[in-house]
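Me: I want to learn how to read strand pairing and pockets. Can we work through a case together?

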Amino acid sequence: MAAGGLAGLLPAQTQLEYALLDADTPQEKENLVYQYLKKMDSRERDLTVPELGGDLQWLNTEGPISLHKDLCGKVVVLDFFTYCCINCLHLLPDLHALEHQYSDKDGLIIVGVHSAKFPNEKVLDNIKSAILRYNIVHPVVNDADATLWHELEVSCWPTLVILGPRGNMLFSLVGEGHREKLFLFTSITLKFYKERGQIKDNNIGIKLYRDSLPPSPLLFPGKVTLDNSGERLVIADTGHHRILVTQKNGEILHIIGGPNSGRRDGRFSEAAFNSPQGIAIKNNVIYVADTENHLIRKIDLELEMVTTVAGIGIQGVDKEGGAKGEEQPISSPWDVVFGNSISGTQEDNVLWIAMAGTHQIWALMLEGGKLPKGSDLKKGVCLRFAGSGNEENRNNAYPHKAGFAQPSGLSLASEEPWNCLFVADSESSTVRTISLKDGAVKHLVGGERDPLNLFAFGDVDGAGINAKLQHPLGVTWDKKRKLLYVADSYNHKIKVVDPKMKNCATLAGTGEASNVIGSSFTQSTFNEPGGLCVEGNGRLMYVADTNNHQIKVLDLETKILSMALPILIPEACDVPDNLPLQKDKIKNLPKLPKSAPNIQLPSLTVAPAQTIQFLLKLTLPPDSKLNEEAPNSWFITAEDNTWLLQGQCLSGEIKDVSSQTIIPFQLPVSCLSAEAILAIQACLYYCSKGSSACMMKGISFSQPLQIASTNQGSLTQVELIHTFLTN
């Protein structure tokens, strides 16, 4: 057995740590570690790790792994982590670098031991999503009941335990920031046991979960926001390491960065991000929390350029700040929002930053000004505004004495009587406010009164402290209704908070992690939604439904979750630049069979720039199935009104007839006629079961449009329903 767990390592390792502090050269340090290993290896009784239970679930492997059989002859690094923890995320680059330097052929294996903090993190599918999101490529075991954690008496996340080739415990490293020691201990351990012939070079059966996934237009989108006009969406496509700017119908206007991670300024095609999260847009400028690069980036949509405005590209430990942005180290910025200083002459002259890595709220001065309880600051300065840097749920009238726990979402209510920042403080499972008059930090909902208790989570509607959340990542202010919406991420819900009464209630989601677009908010489901935003007119809410890889659209007036926004990638879609090209595209569209019925739809009154969603639902004859190899498709034509088609996506695939196909269409801002007719056509190939015969069938829907000059609402849906009959 482990004979007292990690405590058994303490006396000898503490001596080694003190000796290493006095060592001057790398050679001295290596010798000290070598002598330590000789001493540990000659113990009468190894400090061994118990075998992992055979019933535990493994990821990134071909099957369960035995520590004492499969990993015999390997140096093993056990990483005790939980995927919500920012400190655990900070450790991942060190582990990536280590496994890049040493493979299983060299005798090294890293095993992630996932020991959950939140109930939601015990679910295997959620751990799978985290493995994909953070690009973890080593085996991970779901120790949901924390069996090994308790056996070894692990006390905090992250903890690394280094084992020798007999499963013998040699070192432990608690917390983040031990990269040099990790490499030193691992390299000398490999050398020591290779010299003794105890290292084996056999392969371990690695099977990466990511290799089994189909491509998706979005991958773990973290945040979403709207520009002031309400016409453009900005999406942090976090898993693809890029920023997308789209029209409200989902058609992409700009792709910035991606699909691979990197750190590069420059033109859109050459710029690179690393897991970007928060985004804020004003006119044609976007600021981005480039989370895993530890940077704040600026995107200029007119110049099509990306620059760095804060951070130095490596994780900072400074908890005060005060240097010019591009010289100031920062740590895992998770969200950004515009705001005003108390003395500035310009609007939006401050960029507030949720600095998850140091558990603080920072400010980047976009112009000179003064912050509450602060002195005058020059343009470009980046500094701490609120939070001591201790991971706590501590409220205080003095912002520097307050404590946050991984703040991950920000929203501003500049109007009286609020005049505050709302903060989604994920690890304390609370929403907090920071006054923009005097900097006072106050509790709004969730958590509990003990500032050191970060385990007061749940899923309870109620007021103030009686309400319970689970790791909320996003907040957004509804100016029209004076309400705050919360992405209660680990409860898979959207909640609504009345800040006046401190009431918190479920708005949408059942609490189940899945992907159902139901007939009402309470029947629809999400999977760890990370961000959200509301139109200025209060009609539509957009939700970054992170683990479903979608942006969902909620109509706050009808209380219907209308759709998942279709992301129309230009490469996969005919997006014409001019009319001659348009005609070429029309020529290439498939021809419907003469027998195809033409269904006349009722006339629809619309306005310039309005979005129509055609919901195509086709039913095949009984005992038929879609021929998935054939080019099943929809397409749009407008014979005498080709001006309608300018800039539109004219065609798309029909992959599955069991669910409806969403066809977005946005009217031009400038309409050349008050009347027009659109044709929406579909062409399907299907086979009778038990027969080799395959049929091609078509359908055409004719949609007359009456184009009014007054606004008819931002989104209209039209159902296109047809059942094909047996021949």
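This is a predicted model: local features need pLDDT of at least 70, side-chain atom pairs count only at pLDDT 80 or more; totals for chains, interfaces and linings use all residues.

Me: How many bridges pair β7 with β8, and in which sense?
Reply: Strands are DSSP runs (E, at least two residues), numbered from the N terminus. Two strands pair if DSSP finds at least two bridges between them. Here β7 and β8 (residues 232–237) have four, in the antiparallel sense.

Me: What is the strand order of the open sheet?
Reply: The order is β7-β8-β9-β10, four strands with antiparallel pairing. β7 and β10 (252–257) are at the edges with a single partner strand each, so one side of each lacks a neighbour in the sheet. On average, neighbouring strands are turned by 15° against each other, direction ignored. The axes behind that angle are lines fitted to C-alpha atoms, and angles run from 0 to 180 degrees between N-to-C directions.

Me: Which hairpins does β13 form?
Reply: One is with β12, with two residues between the strands; Asn-283 in that turn has a positive phi of about 55°. Four bridges join this antiparallel pair, and Ile-281 is bridged to Ile-286 in β13. Another is with β14, with four residues between, and His-294 in the turn has a positive phi of about 55°. β13 and β14 (residues 295–300) share six bridges, again antiparallel. There, Tyr-287 partners Lys-298.

Me: Is β13 mostly covered or exposed?
Reply: Buried means under 20% relative accessible area, exposed over 50%, partly exposed in between (1.4 Å probe, protein chains only). Five of the six residues of β13 (285–290) are buried, so defined.

Me: What volume does the second largest pocket have?
Reply: On a 1 Å grid over the protein atoms alone, a pocket is an open set of points with protein on both sides within 12 Å along at least five of seven lines; lining residues have an atom within 4 Å of a point. Volume is the space filled by probe spheres (1.4 Å) set on the points. Here it is about 1200 Å³. Of the 48 lining residues, the closest to the centre are Thr-225, Leu-226, Asn-228, Lys-479 and Val-534.

Me: Which element gives the largest share of that lining?
Reply: β28, with five residues. Elements giving two or more include β7 (223–226) and β12 (279–282).

Conventions
Residues are numbered from 1 along each chain as its sequence is written. Side-chain values use heavy atoms; hydrogens and water are left out.
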